[in-house]
There are 2 protein chains.
Amino acid sequence: MATPPPADAFFDRCVDRFARIQDRIVEALEALDGEATFLRDDWTRDDEERRDDSPVLGGWGRTRVLEGGRVLEKAGVNLSCVHGRFTPEFAERLPGNGREFRASGVSLVLHPRNPHVPIVHMNYRRLSRGDTGWFGGGADLTPIYLDEQDATHFHDVHRAVCEAHPAVADYATFKQECDRYFHLPHRGEARGVGGIFFDYLRERPEECLAFVHDAGNAFLDAWLPIATRHLDRPYTDEERQWQLLRRGRYVEFNLVWDRGTQFGLRTGGRIESILMSLPGLASWRYDHRPAQGTREAALLDVLRSPREWASPRS
Amino acid sequence: MATPPPADAFFDRCVDRFARIQDRIVEALEALDGEATFLRDDWTRDDEERRDDSPVLGGWGRTRVLEGGRVLEKAGVNLSCVHGRFTPEFAERLPGNGREFRASGVSLVLHPRNPHVPIVHMNYRRLSRGDTGWFGGGADLTPIYLDEQDATHFHDVHRAVCEAHPAVADYATFKQECDRYFHLPHRGEARGVGGIFFDYLRERPEECLAFVHDAGNAFLDAWLPIATRHLDRPYTDEERQWQLLRRGRYVEFNLVWDRGTQFGLRTGGRIESILMSLPGLASWRYDHRPAQGTREAALLDVLRSPREWASPRS
């Protein structure tokens, strides 16, 4: 068994906050779905299960997965808390000193059944390396069909959270970072209508933690009203097919471009937790191009030219 | 328009052989399917469409795609012929001198509808850089359910082709290379039961061309009898679900590990031709583990411990 890292009271408080966010979200999503419940899969690992190239030496997690629900076709809400030693190559790219690290975070991806309900992703995490610690994360919305009111609501909620913590959070910057990160260069498309994204937040850790805590808790305010508005709308087989194609793009982003997924897959992370983000069903068709003037084409237009979504200031 | 590269009669002969292999395979697959026909999509590109980071300056291709067939749910048979300038980083890893290159190849991926018919991939290609040229490629079989007779037949056909060209081809080496390449490290699984794979074949180019030509033409001998044997077998919904999960693994391999796909996506290749290899429908489930003693578990056993498949010598 690997030696556990030294006590770090601030890190432990972060983990505790992430755990509460997870519990609250899981409870709310079960209430929303009304039928399916999350599978609770608690795991621990130590260095005996470790792959040679894995920097993770030990840790634990609480994976919560729902499959085949009425509202949620597939949903994962994950909490993890690991420690280890970075490879020299990886350590070079990160703040702080030494190779020992700890990482904890809460992350979720929801794949709703109804194509009128957008896919959504959220992740907030704390990393620490030697004496240096930082926060990262964000949330982004991936509609199958564009609904401007949804996009505006999602951004307004996240802007309000940023504005409540002006010393550490800046919505305009985080919105731009989100557009930059959740982007498929090979398609020339954004993953969706964005949200917020940030990394390496280091100064004023107490204020950062308060911000990340509020942002994590704001997830339900951001997404539940959108889901509720659309979840009982009827949909056609063509709309379902378009949803499966858009999920194919989601798979492309996660497997080809997402840094977290790439890092996890290449360094011995817990595969089932990492790939929890993949949809239950996805589709690819050769050179599919929606006809001009359709709602499918309207979505692509927006993905190719990201917009401002937050409500204008009066 | 980019200046076309200088004439290279040997390269042109390779392209001509690849084109004939493509035509022959497309014709045979249409006959096999009996209902659907391939969409013929001929394309050219020059440097005006080029992305800044793309090494490809120009070229042409013949993409052949079949979707929604009776036997083939999705099939792509592609011919391409491009030229360009390698980036310095990429050039460093390759034989030859200078940065100018030409590349041509024939490649296919077939996703049959019936879970008893294996997925199959084949690719043969010629690269040249300055005065140096080489061949690469191979073929591998990805069953959804293991059929030992199929695996043995596929390997026997490829062994016979190698043995007809002993000066340049070695089945035992190519079989091992195939197992090494078509492997998902994050799953600890082979993609399938393998076949042959090789790269940087340079010596005796005439003999190499004869080998690659015969290997490309052997594809039909290797796969058609397997497909024919199983394509009318009834299957259950559970078998279909398992097929979709195995296709999910195929997507993981292609998007995360396949060098050609990664290279193409990151350097401005023709996206629709590269991603032609992805299935029409694929599925992911959390921590899916087939029960011991099932045929699903038997497949996983073989994928975790690659075997010898060619018939024993008497």
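Modeller: Two residues are in contact if their C-beta atoms, placed from the backbone, lie within 7 Å. By that rule, 23 residues of chain B are in contact with 23 residues of chain A. This is a predicted model, in which local features need pLDDT of at least 70 and side-chain atom pairs count only at pLDDT 80 or more, while totals for chains, interfaces and linings use all residues. Residues are numbered from 1 along each chain as its sequence is written, and chains are lettered from A in the order in which they are written.

Biologist: Which element gives the most to the side of chain B that touches chain A?

Modeller: Helix 6 of chain B does, with four residues. Helices (H or I, at least four residues) and strands (E, at least two) are DSSP runs, numbered from the N terminus.

Biologist: What makes strand 10 of chain A and strand 10 of chain B a pair?

Modeller: Two strands pair if DSSP finds at least two bridges between them. Strand 10 (residues 281-283) of chain A and strand 10 of chain B have three bridges, in the antiparallel sense, and therefore pair. The bridge partner of A:Ser283 is B:Leu281.

Biologist: Why is helix 1 of chain A called roughly parallel to helix 5 of chain A?

Modeller: The axes of helix 1 (residues 9-33) and helix 5 (residues 205-230) of chain A come within 11 Å and cross at roughly 5°. Axes are lines fitted to C-alpha atoms, for helices over the stretch in contact, with angles running from 0 to 180 degrees between N-to-C directions. Angles under 35 degrees count as roughly parallel, so helix 1 of chain A is roughly parallel to helix 5 of chain A. Residues making the contact include A:Phe10 of helix 1 and A:Leu209 of helix 5.

Notes. Parallel < 35°, antiparallel > 145°, perpendicular 65-115°, else oblique.
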